[in-house]
Each structure stands twice: as C-alpha cells, then as structure tokens.
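Hi everyone, thanks for coming. Please have a look at the sequence and the structure on the screen, and then I'll walk you through a few places in it.

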Amino acid sequence: MDACPAFNRPNMPGEVLLSQYRPGMPFFFASPSGTLLIPDAAQCDPLPGESLTTLLPTLRHWLQQAPDGACIAGAIPFGRQEPVRLWLAKAPRFGQPLQKESHSRPLASQAQFYQSVPSAEDFEAAVGLARDALRQGPVQKVVLGRQLQIETRDAVDQAALLRHLALAHGAGYRFALGLAAQDAPASLMGASPELLIACHDGQFEALPLAGTLARGSHTQEDAQQAQRLLASRKDQHEHALMIQGIREALQGLGCQTWIPETPQLIPTPTLWHLATPIRGRLPASHLGVLDLLQCLHPTPAVGGYPTEPALALMDRLEHDPRGLFTGAVGWCDAQGNGEWAVTIRCAQVQGNRATLYAGAGVVADSDPAAERRETAAKFQTLLGALGLSGWTEGLA
Ligand SMILES: C=C(O[C@H]1C=CC=C(C(=O)O)[C@@H]1O)C(=O)O
C-alpha cells in the first residue's frame, strides 16, 4: 500500500514538525508514512467526549462539511463506552516521515519514587486467576494491564521525551496527545510498535502483535531470544487466537483479506514480538478507516478472545480502568483514509509525575511470573526514554 494521500502532499520535513511541538499542544503523530502536528486547539472544532459508537455519524458529517485538508485526530479509549479524546483539525500540518536512523539522547531523570499498581504480587495473582478461569473455558485469552507510577526529582521535559521517542523508534507509531489538565500541561506519549489499521483508497493494512520476549544483551543471546519466541507454543497459540478474532471481525464487515499463515518476528529496541502483516480491501466505497476501527477495536491483542466474555473476565480481574491505554491513537480524513496505532508503550506525563502502562496476553498455559516479567520488559521503552532503565523488578 502507498503512503496515505494526506501524507503524500508536498509538505515539510517531519523533523521541522517535531521541533515545533510544545507540551500542551493537542496532537503529534509520526508513523513510517509521515508526520502530523496539530499545534493549536483554537483551530480545532471541539468534539464532544462521547464514545466512538455514538459519535461515528457525527464524525462523518463533520468531515464532509470540513474544509479541504481537515482531519480528525487523537485517541479512542480502550472501553467502548468511554469518551474519546479527538480533535477536528481544520489546518493540520502534515510532514514527511522522520529520518529512520536519527540519534537522540534519552532524558537523564532521577526517580524519587516507583510504585506498581497493582503490585507485582497482585498482578501475578490476577494472572493466576485468569489462567485458572481460561482452563475452564469458554474464554481462551485475556490481556491484563498494570501501571508503574513514578515521581522524578525535576519536571519531565515533555518535548525532549517526545523527541527521543520519535527519533529512537523509527519503525513505530510515535505520539503525544494533550490531555485536559489544570496547572501543568499533561500528555500521553508513547512509541507503539502495533498498527491497528491504516487505510488508503479502500485498501487497508494492519500489523497486530501477540507474543513478546525481551531482547538479549548481546548478539548471540538476542538471536536465541528471537528463536525461543518463534518456537514458543504458548506464544504461537496466543498469536493464533488474536488472528482468529481479527479474521472474524474483518469477515463480519465483508472485507477481502490476505493473512499469512504464520507470524514473523519483529524487533523494537528492547523487545521481540510475533507479528502478522495483514492486507485487505473494503467491500464498499462509502466505508473507511473509522468503520474498520470500530469493527476491530478491541482486537484480542488487547481485549482477549472471544471478545465479550473475555472483556467481562478482564473487568473482574483488572483493578483500574485503562482509560486511553490499549485504545487507538491516530488520524483520519474525509476520504476515509487514515492510520491508527494501538495505544501501548506509553506514559501519561505531567510535571514530575509519569504513569507508565504495560499489559500481557494470558492464555491457559501462561506462567504468572513470566507474564509479570513481560510487563516489566515492556516498561523499559518509556523507562529507557526517561533515563531510568535502572529499574528492573527482577527482569532476568
Ligand atoms: C497490552 C500490551 O500488550 C499487548 C500488545 C502486544 C503484545 C502483547 C503480548 O505479547 O502479550 C499484548 O497482546 C502491551 O504491550 O502493553
């Protein structure tokens, strides 16, 4: 699939847009196809904080009335009934992709306080309860999340944090989303490796992930970790359940789809993942990326399988509502084109506080300690960017 047309317009280097970002701005997004900055909420029409389901007809109507080049961008929460955080931007700035190989230094934060919510022990206990429930059926997979709350000595430099995430994760979907806040600006920032859906001219692609292992510290160990993940029956099973759910959702919408039979390995700077690149075609020209988003979200990568009983089980086992974590972040235009990533590998940052998010897929033969280690490894994306990779919680 070619890059999305909005990203194809003659436009400025992504690095310029990144340098224009300031904390509190509504939205920054960088993908392998391009860059988008919405610098000014005053140039946006406010969108009501309703759920995507109730808002969809309004979004379509607004996009049709909007001036040429307008787009809708922002984030959709995990819970389908929870309010979205979206902007209708009349003059978004689109840019070219960021250079892949840019060097950027992480921050040098000093942490005064770390707290896992739930605690590591309670997270493992919840995985154990989930695993026992999965052995009884009918649910085959759930995903459980946790938070790492951090207080740093000085306020986190949000522009520098975004800059590092944006330059160090060239293959990912990097974002900063302004959150409603009093006092200091608050943002949700991250570098997600997972493409929920991108659509251009009726053709779509996705890169769903399930199955994760930390990378090795030297070349040989790294190659062994990759092979271990590829050979892991538990991870292959977890991945297959996710693909089954996505296939069913896309068939439900009547899409033609091309799905490889086996997953491939993809690396991030700290993790190996099992990934399946999916391509397809929408069945009708009036459908677009928002229809795909609505039919796919939440995929079993974040919501378990089968969806409804899995969500009910997760609701019983997870302590806190996820909010925007494991929702979708991205943009779309009036032609039905756009790109949405899964909102993972992210943190909410305000002043000297950062809340990091991570989750892990659980199946009937999951090991609670291994799932806990997986979430600890996932925290490393944001910990490393903050300069706090010394926090390990028994990763080894
Ligand atoms: C919710 C998360 O993981 C999901 C997304 C990618 C890989 C996953 C896994 O391998 O378990 C999870 O399904 C997260 O990374 O925070």
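A word on naming before we start: helices (H or I, at least four residues) and strands (E, at least two) are DSSP runs, numbered from the N terminus. What you see is a predicted model, where local features need pLDDT of at least 70, side-chain atom pairs count only at pLDDT 80 or more, and totals for chains, interfaces and linings use all residues. Residues are numbered from 1 along each chain as its sequence is written, and side-chain values use heavy atoms, with hydrogens and water left out.

Let's begin with two loops. Arg345 sits in the loop between strand 19 (338-342) and strand 20 (346-350). Its phi is near 50°, a positive value in a residue other than glycine. Most residues other than glycine have a negative phi, and most peptide bonds are trans. Is Arg345 buried or exposed? Buried means under 20% relative accessible area, exposed over 50%, and partly exposed in between, with a 1.4 Å probe and protein chains only. Arg345 has 6% relative accessibility, so this residue counts as buried.

Now turn to Asp183, in the loop between strand 9 (173-179) and strand 10 (186-192). Asp183 also has a positive phi, near 60°, and is not a glycine. With 82% relative accessibility, Asp183 counts as exposed.

Next, helix 4 (residues 120-136) and the loops beside it. In the loop between strand 7 (111-117) and helix 4 you'll find Pro118, joined to Val117 by a cis peptide bond with omega of about -5°. In the loop between helix 4 and strand 8 (141-152) is Pro138, and a cis peptide bond links Gly137 to Pro138, again with omega of about -5°.

What does helix 4 pack against? Two packed helices are described by the angle between their axes and the distance between the axes. Here, axes are lines fitted to C-alpha atoms, for helices over the stretch in contact, and angles run from 0 to 180 degrees between N-to-C directions. The axes of helix 4 and helix 11 (residues 368-386) come within 8 Å and cross at roughly 125°. Angles under 35 degrees count as roughly parallel, over 145 as roughly antiparallel, 65 to 115 as roughly perpendicular and the rest as oblique, so helix 4 and helix 11 are oblique to each other. Taking contact as heavy atoms within 4.5 Å, the residues of helix 4 that meet helix 11 include Phe123, Glu124 and Arg131, and their partners include Glu371 and Arg372. By class, this contact has five nonpolar, two polar and four charged residues. For that count, Ala, Val, Leu, Ile, Met, Phe, Trp, Tyr, Cys and Pro are nonpolar, Asp, Glu, Lys and Arg are charged, and the others, Gly among them, are polar.

A second pair is helix 7 (residues 233-252) and helix 8 (residues 289-296), packed at about 130° with axes 9 Å apart. That makes helix 7 oblique to helix 8. Ile246, Ala249 and Leu250 of helix 7 meet Leu292, Cys295 and Leu296 of helix 8. This contact has six nonpolar, no polar and no charged residues.

Last stop, the inside. A nonpolar core is a set of buried Ala, Val, Leu, Ile, Met, Phe, Trp, Tyr and Cys residues joined through side-chain atoms within 4.5 Å. The largest one has 84 residues, and among those touching the most other members are Leu36, Val142 and Trp340. A second, separate core of 33 residues includes Phe28 and Leu162. Thanks, everyone!
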